[in-house]
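Let's walk through this fold together, from its helices to its charged pairs. Have a look at the model first, and then we can go through it step by step.

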Amino acid sequence: KLGIANLVAVVALYKLSAKYAVMLNVIRIVVAGLLFTGVFGMLYSLAGATISLIGMILLKKTDLFSITGVSMAGGFLHNMGQLTIAALLINDIRIFYYLPVLMISGTIAGVAIGIAAELVIRRVKFIR
């Protein structure tokens, strides 16, 4: 899936701070887990979001990548986090056979979210 909710994390990372991006993501994941996805959905989302945010925070600090580039890496890393937790939960490394498909889909989703984040950041006035 595209991961529209990740748009909030990327915008928060660039317009607020890493702390706010983390807090917003945790709140979003916990609420969605309690209302819709359950404990396992929460675990998968937390794993993906944690690895994704760490990677995006580190890449943003380098000032070498655009918002879209950082988001693209975040999309890829999100899938890596979810695959890793799945492999641990089912105790089977063969789940990584899905990696090529998830690399492509995560990268495409990350680019789409990055472009959307750039548009939001340019067009919305932020209050601090």
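Helices here are DSSP runs of H or I with at least four residues, numbered from the N terminus. The model is a predicted one, in which local features need pLDDT of at least 70 and side-chain atom pairs count only at pLDDT 80 or more, while totals for chains, interfaces and linings use all residues. Residues are numbered from 1 along each chain as its sequence is written, and side-chain values use heavy atoms, with hydrogens and water left out.

Start with helix α1, residues 5-15, whose buried residues are L7, A9, V10, V11, A12 and L13. Buried means under 20% relative accessible area, exposed over 50%, and partly exposed in between, using a 1.4 Å probe and protein chains only. Those buried residues of α1 pack against α2 (18-62), α3 (67-90) and α4, where contact means heavy atoms within 4.5 Å.

Helix α4 spans residues 99-123 and includes P100. P100 is partly exposed, because its relative accessible area is 47%.

Now for the charged pairs. The whole structure holds two salt bridges, each defined as a side-chain nitrogen of Lys or Arg within 4 Å of a carboxyl oxygen of Asp or Glu. In one, D92 pairs with R94, with the closest N and O atoms 2.8 Å apart. D92 is partly exposed at 23% relative accessibility, and R94 is exposed at 53%. The other joins the side chains of R122 and E118 at 3.5 Å, N to O. R122 and E118 are four residues apart in helix α4, so about one helical turn separates them. R122 counts as exposed, at 63% relative accessibility.

Note on methods:
Helix = DSSP H or I, 4+ residues; strand = E, 2+ residues; numbered from the N terminus.
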